Protein chains: 2
Amino acid sequence: MTTGTRWLDSEQQVAWRAYLLGTARLMAKLDDDLRQFGLGINDYEILVRLSEAPERRLRMAELADRLHQSRSRLTHTVGRLEAAELVRRTSCKSDKRGVWAELTEAGFSLLEHAAPYHVEGVRENLVDLVSPEDFAALGRVFDAVSEHIGQR
Amino acid sequence: MTTGTRWLDSEQQVAWRAYLLGTARLMAKLDDDLRQFGLGINDYEILVRLSEAPERRLRMAELADRLHQSRSRLTHTVGRLEAAELVRRTSCKSDKRGVWAELTEAGFSLLEHAAPYHVEGVRENLVDLVSPEDFAALGRVFDAVSEHIGQR
DNA sequence: CGAGGTTCGTTAAAACTTCAACCAACGACG
DNA sequence: CGTCGTTGGTTGAAGTTTTAACGAACCTCG
């Protein structure tokens, strides 16, 4: 072979590992903080997406795509959220295969309580720790990643 | 209340979501790429840490800390890696409670095969997509996060 | 129309992670 | 020395996610 592996240089290596470790710690922390509401960050993100949608509902497939989750995973999670009465499922009239996941009043209300607390956590453990420039760079980096990897 | 929640402004919101989505996609991609070697990114990271350690071995607790994992999770994962003969456990003489996790020859060899492929994935789907400055910012951001959240 | 491919969502089982409890060994201290 | 609190690691059960397969509904096209 003419060109060997292009290893990461030492600085890149350090940055990459910082990202892996920092993300693990951050997600664990945010999860912990949400536990008092009986939610994990994954549940929380589902509720948020629903709360922002027209009529506070989304089709399962659409929701799965926005969260980059498998449909199967979403089915299970929404099943739990439904058991907790935070979400309701209704069938879709225009496409009989389809299912709407809709935020209940209780779900919306729980979200209203959890959101300020969660956002404060995101600030305290991430946003407020770094310069606006560096945080903006974070956004650019992961926009590029998402763009590159594409839908699925 | 005098001071309401300090919500994220629109740009921060966008950056935060880009990070969540981008990370989900990136990890899924890297996992996919490693599947051909029968590994997930978590297994891979374990093997790497061992490969870099003196005598290619680490104490279980030390390894768990470096990966920010629970000891229980590590016990299970190393159990599987041991069943696959990629890792071997030996008891520690100086501390009889202790257990060394040690990379086997097969484990090291698998890593040698997987590493170039994995690194290429990290480059292609992250490092090479962004400016060195932005990538460096990523490192700073997550250093700050790790530093802030602390050991455990 | 209707055959054949695709999408939507679910299901059951397997794989993995978390949770809670536990035991053995260590170490500090009276 | 012996007690007590801590650390290292494992265990089994419960909970979550992945995998693979499936059926129903949709869509295209002859």
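Tutor: We'll take the strands, then a helix, then the DNA. Keep in mind that this is a predicted model.

Student: Which way do E1 and E3 of chain B run, and how many bridges join them?

Tutor: They run antiparallel, with three bridges between residues 57–59 and residues 99–103. B:Arg59, for example, has B:Trp100 as its bridge partner in E3(B).

Student: And E2 of chain B, how many bridges to E3(B)?

Tutor: Five, again antiparallel; E2(B) covers residues 87–91. In that pairing B:Arg89 stands opposite B:Ala101.

Student: Switching to H1 of chain B. What's its reach from first C-alpha to last?

Tutor: 37 Å, over 26 residues (10–35). That is close to the 38 Å expected at 1.5 Å a residue.

Student: Which of its residues are buried?

Tutor: B:Gln12, B:Ala15, B:Trp16, B:Ala18, B:Tyr19, B:Gly22, B:Arg25, B:Leu26, B:Lys29 and B:Asp33.

Student: Why would residues three or four places apart point the same way?

Tutor: Because an α-helix has 3.6 residues a turn.

Student: What covers the buried residues of H1(B)?

Tutor: The cover includes H5 (105–125) and H6 (132–149) of chain A, plus H5 (105–125) of chain B.

Student: How does the surface near DNA strand C split by class?

Tutor: Nine charged, eight polar and three nonpolar residues.

Methods:
Residues numbered from 1 in each chain as written. Chains lettered and ligands numbered in written order. Predicted model: local features only at pLDDT ≥ 70, side-chain atom pairs only at ≥ 80, totals over all residues. Pairing = 2+ DSSP bridges. Helix = DSSP H or I, 4+ residues; strand = E, 2+ residues; numbered from the N terminus. Expected span 1.5 Å × (residues − 1). Buried ≥ 20, exposed ≤ 12 C-beta atoms within 10 Å, placed from the backbone. Contact = placed C-beta atoms within 7 Å. Nonpolar A, V, L, I, M, F, W, Y, C, P; charged D, E, K, R; others polar.
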